[in-house]
Amino acid sequence: MNDIKRLPDAEQEVMQALWECEAPATRADIEKYLFVNHPMAQTTLLTLLTRLSERGFITIEKVGRKSYYRPCVSRDDYLVSRSRSFFEKLCGGNISAFANALCSGGLSKEELTQLREMLERDSL
């Protein structure tokens, strides 16, 4: 799944919330996660869920008057795709530019040490 398109910020927030929920999730389940970091009106959430369904990121199953939402794209697949896109588009595929961006971009020494250890253990 290397060609997963980037989601607009609001849709990405909804996907983050859905990934946190146990599938299938209801609108109320998703709202619980959104309330903490990104509260939004119920109508806005429903619109974003419809858009995500149209884009193939989620499925919507209606049971009576309730709708259940299930991700079609995993968090890991989305992260892999977006990371690859970032690396290729913004860093030109240049590993030095990417590493410099990480180091200059505010990663703490502890985070850089953790990354180095993960690379050395080949646990990535």
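## Confidence of the model

The chain averages a pLDDT of 88, and 97% of the residues score at least 70.

This is a predicted model, in which local features need pLDDT of at least 70 and side-chain atom pairs count only at pLDDT 80 or more, while totals for chains, interfaces and linings use all residues. Residues are numbered from 1 along each chain as its sequence is written, and side-chain values use heavy atoms, with hydrogens and water left out.

## Packing of α2 and α3

The axes of helix α2 (residues 27–37) and helix α3 (residues 42–54) lie 11 Å apart, at an angle of about 110°. Axes are lines fitted to C-alpha atoms, for helices over the stretch in contact, and angles run from 0 to 180 degrees between N-to-C directions. The two helices α2 and α3 are therefore roughly perpendicular (65 to 115 degrees).

Arg27, Ile30, Glu31 and Leu34 of α2 meet Gln42, Leu45, Leu46 and Leu49 of α3, where contact means heavy atoms within 4.5 Å.

## The nonpolar core

The largest nonpolar core has 21 residues, of which Val14, Met15, Ile30, Phe57 and Ile58 touch the most other members. Such a core is a set of buried Ala, Val, Leu, Ile, Met, Phe, Trp, Tyr and Cys residues joined through side-chain atoms within 4.5 Å; buried means under 20% relative accessible area (1.4 Å probe, protein chains only). Helix α1 gives the largest share of this core, five residues.

Terms used: pLDDT = per-residue confidence, 0-100. Helix = DSSP H or I, 4+ residues; strand = E, 2+ residues; numbered from the N terminus. Parallel < 35°, antiparallel > 145°, perpendicular 65-115°, else oblique. Buried < 20%, exposed > 50% of the residue type's maximum accessible area, 1.4 Å probe, protein only.
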